[in-house]
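Please look over the sequence and the structure shown below before reading on. The report is written to be read with both in view.

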Amino acid sequence: MTEKTFHFAKERKKVYELAYNLRWSFDCPTQQFFAKLSPRIWDITNHNPIAVLNEISEDELRSRLMSKTMRDELELCHKSLRDYLRAVRRPIAAFKQFDRHPVAYFSAEIGIHESLPIYSGGLGILSGDHTKSASDIGLNFVGVTLFYRQGYFIQRINSEGWQLEDYNQHDHHSLPVVPVEDEGGKLVKVQVQIGRSLVSVAAYKAVVGRSVLYLLETNLPENEEHYRDLTARVYGGDSTTRISQEIILGIGGAKLLRALEYEPAVYHMNEGHSAFLTLELLHEQLLLGRSLDRAVEEVKKRCVFTTHTPVAAGHDRFSQDLINFSLSEFVSSLGVTLDGFMKFGRVHPDDKAETFCMTVLALKMSRGANAVSELNGKVSRQMWTGLFPGKKAEQVPIGHITNGIHSLSWLAMESRAVYEKVAGPDWMSKLEHSAEWNALVTRLPEDEIWALRYALRRRLVEFIRERMKRQQIRYGNSSAQVEKLFNPDALTIGFSRRFATYKRAPLVFTDLDRAAQLLGDKKRPVQIVFSGKAHPRDDAGKAFIQLIINLSRDSRFAGKIVFVEDYDMGLARQLVAGCDVWLNNPKRPLEASGTSGQKIVMNGGINCSIMDGWWREAYNGKNGFAIGEDKELHVTPEEQDKIDSQNLYEILERKLIPLFYDRDASGLPLKWIKMIKESIRTIAPVYNTTRMVKDYVHKYYMQK
Ligand SMILES: *Cc1c(COP(=O)(O)O)cnc(C)c1O
């Protein structure tokens, strides 16, 4: 090694450039590079490159980079980032109109990677995947959310099986974010009025490929003590905290973009949490001297809105008192009375009993609105018919764009290798051309698919044993039993998502004897892995967790059911790779779309789901399993649970398990593999965020 060929400063710069662009969150080689710098720190910091760089000394970094292999790897990763940033593989002419005026995307949570824990569940992951795909396809995109230093929460389960919540305080120095500063190096701040106080809001910037995210926070010395914690937790606190967070997100976010001289072509509100932004834009229009009606028209031209929530009670609502308490100054700055202000958030403007609904505000102030699946669209149109007097439900102007996932973020390295082997390094582009994709899938060799399934399942089983060992040790139990947990050859079913009660995690245990028979079959072993967080105030959801933990300790189920603590994106990646079957049994039609089942498809997993959300659109009779029929039951909730669980047992007993264990002479389940191929062929090209973001551009973002 000579000094001539090794310039530390230059190489070091490349390392930092890689670490500060979250494109690494969907680039396995870059993740491996950082893992190699310090496998232990990588592991204990939830896979965080910045934390790795903070922990190792400069000398250590220098000595690692002495290795030619490490430098070659670094160069490959860095070149791939440069190429990614430079080239839009297939520039789309329509996107040009956004080059100077970006799409501004507002969401209360954005999930990019487990090490940046500013999300709670599906809504956040969807926002993160949207951000990544916007970057992939070259759409000028800027996202706005809050910087939750304590994240959502860390889930621990006590010896009674009850969920406890822990909070860590994250330091921005150990995250891939930088404070937003002006040219003089001073923090850029904007002020929002909350109640009688002027609250300062600062921002951190995160870069995801070509997309930019701004994370807002109020933890600043000039703010009164109780305002500093406003942005600490995702959906934390009571309705006063909630409205304050929404003021910061909507009004603070719009002001920040203005302070940074962005002129967005369109503001996209992902859910109603950010809808106050429309009133900040309204304020701006009024200052230009426009009449209220004209100002509303101008705001509407620039706003679009996505609604997810299929039950009336699930939408954010604030009382007149709370609005008055939090926003009275803002209300007078608009030149309207309090009642005049309330009208923006009421279905029936003159009904004084009606509270202020953020979804109503968003719908009134947007030129376009959509739900997130076909059925969710239908439900939403029915729910909001009252807002459009004289229109029938079918005529209510709420369309739908079905959610997708960012394919690369959820694809296991091992799976990626299989596609690459069959179709070369450019294999992903074939997802966008159905004939090419069909041909690729046809060429996937059956035995390789099965070898992949075994490898991924084996990896998951080892991962589960390791995690359970750590859980046991923390409880002071012996970890001796852990080695017998799970079987790498057994049909592995995954159920992992937020433990909201409508998702009915324990449905498969409705009839315990029948469940015990299913799971106790020695010839055709079946095992189920559960994971998921209940909201801190949702005791019914926590009771579901407890029920499953208790069953996992019951001798009839021991070793065949596990509950893995602390579901997050990292755990989700393990599960969507290793599970053979992804079970989803929500109460129809409450699953707005769902996305987790889409993540398993390219890893060779099979969906088994109630006909709700995205699945009833994707299911074709051959690419997975449908539980029950695609129709409303018109029965009591108890009856619905009973009917759905009966249907679930029938599918498992008569179709799913027999098909998985139907092997040919060489041990291959050919019919099962055929179903995997059909699933990859039909689902992967449609239920991804490349397709989804393009739909948003063409149907909502572009001015007609
Ligand atoms: C994908 C994902 C979700 C969404 O799951 P659904 O089953 O669609 O509700 C939630 N949490 C995490 C961590 C995810 O990765």
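## Overall form

The model described here is predicted. Its secondary structure comes to 27 helices and 20 strands. The radius of gyration is 26 Å, close to the 27 Å that the globule rule gives for 704 residues, so the protein is as compact as a globular protein of that length.

Of the 704 residues in the protein, 58% are buried.

## Domains

The protein is divided into three parts, namely domain 1 (8-86), domain 2 (92-403 + 694-701) and domain 3 (453-686). The numbers for domain 2 show two stretches of the sequence, 92-403 and 694-701. Between the C-alpha centres of domain 1 and domain 3 there is a distance of 35 Å.

## The ligand and its surroundings

An N or O atom in the side chain of arginine 497 is 3.1 Å from an oxygen atom of the ligand, and for lysine 599 the corresponding distance from a side-chain N or O atom to a ligand oxygen is 2.6 Å. In serine 596, a polar side-chain atom lies 2.5 Å from an oxygen atom of the ligand. On its own the ligand has 390 Å² of accessible area, and the protein covers 97% of this.

## Residues in helices and strands

With 22% relative accessibility, arginine 573 counts as partly exposed. Arginine 573 and lysine 674 are 101 residues apart in sequence, and their C-alpha atoms are 24 Å apart in space.

Lysine 677 is found in helix 26 (residues 670-683), and at 12% relative accessibility it counts as buried, because the cut-off for that word is under 20%. The side chain of lysine 677 makes a polar contact, at 3.2 Å, with the side chain of glutamate 446. Isoleucine 561 lies in strand 17 (residues 561-564) and counts as buried at 2% relative accessibility. From isoleucine 561 to asparagine 607 there are 46 residues in sequence and 19 Å in space, C-alpha to C-alpha.

## Residues in loops

Is histidine 113 buried or exposed? Histidine 113 counts as buried, with a relative accessibility of 1%, and its place is in the loop between strand 1 (103-107) and helix 7. The side chain of histidine 113 also makes a polar contact with the side chain of glutamate 114, at 3.3 Å.

The peptide bond from arginine 588 to proline 589 is cis, with omega near 0°, and proline 589 is placed in the loop between strand 18 (581-584) and helix 23. Histidine 47, which lies in the loop between helix 3 (39-44) and helix 4 (49-55), has a positive phi of about 65° although it is not a glycine. Histidine 634 is likewise not a glycine and has a positive phi, here of about 55°. The loop that holds histidine 634 runs between strand 20 (625-627) and helix 25 (637-660), and this histidine is exposed, with a relative accessible area of 67%.

Terms used
Residues are numbered from 1 along each chain as its sequence is written. This is a predicted model: local features need pLDDT of at least 70, side-chain atom pairs count only at pLDDT 80 or more; totals for chains, interfaces and linings use all residues. Side-chain values use heavy atoms; hydrogens and water are left out. Domain bounds come from an automatic or database domain assignment. A polar contact is a pair of N or O atoms within 3.5 Å; within protein, one must be able to donate a hydrogen and the other to accept it, and residues adjacent in sequence count only if both atoms are side-chain atoms. Accessible areas come from the Shrake-Rupley method with a 1.4 Å probe; for residues, only the protein chains shown count as cover. Helices (H or I, at least four residues) and strands (E, at least two) are DSSP runs, numbered from the N terminus. The radius of gyration is taken over C-alpha atoms; the globule rule is 2.2 Å times the number of residues to the power 0.38. Buried means under 20% relative accessible area, exposed over 50%, partly exposed in between (1.4 Å probe, protein chains only).
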